[in-house]
Amino acid sequence: MSLKIVFKKPYLYGIVLIFLAYIFINIWLSGFYNTIKLIIIYASTINWLELFISIILTLTIGILVSVNSVYAYIKYKERKKCLKESAVATAGSIGGLIIGVCPLCVTGLFPLIFSFLGIGFSFASLPFKGIEVQILVIIILLISLFMLNKK
């Protein structure tokens with residue numbers, strides 16, 4: 001069974017639903033809804049290229065999470081054994097939630113957890129301002145898709 005089945009009805013509805021839920025949860029957890037107001041206020045000081053790249057990568061992660069989820073479900077129904085592939089997809093999904101929508105201007109799950117421990121952390125301190133974490137998450141999700149498609 002190839003990956004093309006994921007893009008046919010009824011699975012396509014699942015992809016759209018999971019994508020929307022993932023993006024909603026990501027925006028809610030990271031507090032990006034508050035950041036939108038600040039983007040308007042501080043528009044002249046924002047690095048628009050970094051923000052655009054970060055949002056595109058977040059949408060890409062959302063698409064990959066939804067495709068991985070539906071494809072893992074299909075494979076599970078087919079053969080009942082895809083634990084390793086599902087674990088990689090789950091790690092990628094959680095990684096996407098950890099970084100948030102915009103690693104520069106919002107909290108994200110990882111810095112939020114650190115803040116409960118009294119540790120200050122920001123993805124903005126990384127060399128590429130957290131975009132490298134988003135790319136790593138995309139690579140993990142692509143590996144998961146490859147592993148699911150291989151068997």
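Tutor: Buried means under 20% relative accessible area, exposed over 50%, and partly exposed in between, with a 1.4 Å probe and protein chains only. This is a predicted model, in which local features need pLDDT of at least 70 and side-chain atom pairs count only at pLDDT 80 or more, while totals for chains, interfaces and linings use all residues. Residues are numbered from 1 along each chain as its sequence is written, and side-chain values use heavy atoms, with hydrogens and water left out.

Student: What percentage of the residues in the protein is buried?

Tutor: The protein has 151 residues. Of these, the buried share is 36%.

Student: How many helices and how many strands does the protein have?

Tutor: Helices (H or I, at least four residues) and strands (E, at least two) are DSSP runs, numbered from the N terminus. The elements run α-α-α-α-α-α from the N terminus on. The count is 6 helices and 0 strands.

Student: Which peptide bond is cis?

Tutor: Pro10 lies in the segment before H1. With omega near 0°, the cis bond is the one from Lys9 to Pro10.

Student: Within what arc do the buried residues of H1 fall, seen down its axis?

Tutor: H1 covers residues 11-30, and its buried residues are Tyr11, Ile15, Tyr22, Ile23, Asn26 and Ser30. They line one face of the helix, because their arc, taken from the directions from the helix axis to the C-beta atoms, is within 110°.

Student: Which residues are exposed on the other side of H1?

Tutor: The buried face of H1 includes Ile15 and Ile23. On the other side, the exposed residues are Tyr13, Leu17, Leu20, Phe24 and Trp28.

Student: Which residue follows H1, and what is its phi?

Tutor: The residue after H1 is Gly31. Its phi is positive, near 75°.

Student: At what angle do the axes of H3 and H6 cross?

Tutor: H3 spans residues 48-79 and H6 residues 131-150, and their axes come within 9 Å. Axes are lines fitted to C-alpha atoms, for helices over the stretch in contact, and angles run from 0 to 180 degrees between N-to-C directions. The two helices are therefore roughly parallel (angles under 35 degrees). The crossing angle is roughly 20°.

Student: How do the residues of the contact of H3 with H6 divide?

Tutor: Ala, Val, Leu, Ile, Met, Phe, Trp, Tyr, Cys and Pro count as nonpolar, Asp, Glu, Lys and Arg as charged, and the others, Gly among them, as polar. The division is 16 nonpolar, 7 polar and 2 charged.

Note on methods
Expected span 1.5 Å × (residues − 1). Parallel < 35°, antiparallel > 145°, perpendicular 65-115°, else oblique.
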